Amino acid sequence: MRHARNAAKADDNQGAIVKVGAIFGRWTVLGRGANIGGRRSGWLCRCSCGTERLVMGQSLRNGGSLSCGCLQKEIVANMCRSRTVHGNSKRSGETRIYRIWRHMLERCNNPSCLGFKWWGGKGVRVCAEWLEFSVFLDWANSSGYESNLSIDRINSNGNYEPKNCRWITRSENSRRANEERWGKKRMEVAQ
Ligand SMILES: [Zn+2]
C-alpha cells in the first residue's frame with residue numbers, strides 16, 4: 001500500500017537536513033522562504049502534484065507534513081473505492097475503532113461526506129502520522145480508548161492529532177456540542 005510506504009519514509013526523515021532538492025514525502029524543497037510565525041524557518045516546497053507552498057522545516061523533518069493535502073485525499077478516495085468493491089461485508093467486518101478512524105479521515109477529506117463542511121470545509125485536518133491506521137490504533141490504546149468512548153478534539157478548531165485529542169463519553173460529547181452551539185449563538189447575538 002502506498003500510504004504505508006510513505007509513513008515509513010517519514011520516520012526515516014527524522015533528523016534529516018532540510019536543504020534545496022531534499023525530498024520529504026511528496027515535498028521537494030525549492031529554497032529557503034520567510035520564517036513562519038516569526039521564528040520557525042519556512043521552506044518553499046513543491047508537492048508532486050505541482051502545488052507550491054511554504055512549509056515549516058520542523059514539519060518536514062518530523063513527518064508532520066508529507067504533501068499539500070493531496071496524499072490524504074487519495075487515501076480517502078481509495079478507502080471509498082475499496083468499500084464499493086467489497087460492499088457491505090467489508091463494512092460490517094470493521095471494528096469500532098477502525099470505523100472511528102475511517103470517519104475521521106472522511107469528514108476531513110471527502111467533500112461528498114455528510115459532515116465535511118463542519119470538518120474538512122473548516123480546515124480541520126488529520127495529522128500525517130494518523131494516516132496509518134496502526135499508528136492511530138496505538139495512540140487510541142495508550143490514551144484510554146474504551147468501546148463506549150468517542151474521539152474529541154480539545155480545541156474544536158484544532159486538528160486531529162495526539163496533542164489535541166482525547167476520548168469522552170457520548171453524554172460529554174453532546175454536552176460539548178451544545179456548548180459549542182450556544183456559544184456560537186451568544187457570539188452571533190453580541191455581534
Ligand atoms: Zn499535492
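**Exercise 1. State how confident the predictor is in the protein chain, and locate stretches where pLDDT stays under 50.**

*Solution.* Step 1: pLDDT is the predictor's confidence in each residue, on a scale from 0 to 100. Step 2: its mean over the protein chain is 81, and 79% of the residues reach 70 or more. Step 3: residues 1-12 stay under 50, and the model has 16 contacts for them beyond four places in sequence, a contact being two residues whose C-beta atoms, placed from the backbone, lie within 7 Å. Step 4: residues 84-89 also stay under 50, with zero contacts beyond four places in sequence. Step 5: where pLDDT is low, the predicted coordinates should not be read in detail.

**Exercise 2. Describe the open sheet of four strands, giving its strand order and its pairing.**

*Solution.* Step 1: two strands pair if DSSP finds at least two bridges between them. Step 2: the order is 1-2-3-4, with antiparallel pairing. Step 3: strand 1 (23-24) and strand 4 (52-56) are the edge strands, each pairing on one side only. Step 4: the pairs can then be taken in turn.

- Strand 1 and strand 2 are antiparallel over two bridges; Ile23 has Thr28 in strand 2 as its bridge partner. Two residues separate these strands in their hairpin, where Gly25 takes a positive phi near 60°.
- Strand 2 and strand 3 are antiparallel over five bridges, and Trp27 is partnered by Cys47 in strand 3.
- Strand 3 (residues 42-47) and strand 4 run antiparallel, joined by five bridges. Leu44 has Leu54 in strand 4 as its bridge partner, and Arg46 stands opposite Glu52 in strand 4. Four residues lie between the strands of this hairpin, and Gly50 in the turn has a positive phi of about 105°.

**Exercise 3. Compare the span of helix 4 with the expected value, and identify the buried residues of this helix.**

*Solution.* Step 1: the expected span of a helix is 1.5 Å times one less than its number of residues. Step 2: helix 4 (residues 96-109) has 14 residues and reaches 20 Å from its first C-alpha to its last, close to the 20 Å expected. Step 3: a residue is buried if 20 or more other C-beta atoms lie within 10 Å of its own, exposed if 12 or fewer, and partly exposed in between, with C-beta atoms placed from the backbone. Step 4: the buried residues of helix 4 are Trp101, Leu105, Glu106, Arg107, Cys108 and Asn109. Step 5: Arg96 is also found in helix 4, but this residue is exposed because 12 other C-beta atoms lie within 10 Å. Arg96 and Asn148 are 52 residues apart in sequence and 9.9 Å apart in space, C-alpha to C-alpha.

**Exercise 4. Characterise the largest nonpolar core and explain where it lies relative to domain 1 and domain 2.**

*Solution.* Step 1: a nonpolar core is a set of buried Ala, Val, Leu, Ile, Met, Phe, Trp, Tyr and Cys residues joined through C-beta atoms within 7 Å. Step 2: the largest has 26 residues, and Trp27, Val126 and Tyr160 have the most contacts inside it. Step 3: strand 2 (27-32), strand 3, helix 3 (70-92) and helix 4 are the elements giving two or more residues to this core. Step 4: domain 1 (2-68) and domain 2 (72-190) both contribute residues, so the core lies between them; the bounds come from an automatic or database domain assignment. Step 5: not counting residues up to four places away in sequence, Val126 touches Gln72, Met104, Leu105, Cys108, Leu131, Asn159 and Tyr160.

**Exercise 5. Classify Trp118 and Lys19 as buried or exposed.**

*Solution.* Step 1: Trp118 lies in the loop between helix 4 and helix 5 (133-142). Trp118 is exposed because 11 other C-beta atoms lie within 10 Å. Step 2: Lys19 lies in the loop between helix 1 (2-12) and strand 1. With 11 C-beta neighbours inside 10 Å, Lys19 counts as exposed.

Definitions and conventions: Residues are numbered from 1 along each chain as its sequence is written. This is a predicted model: local features need pLDDT of at least 70, side-chain atom pairs count only at pLDDT 80 or more; totals for chains, interfaces and linings use all residues.
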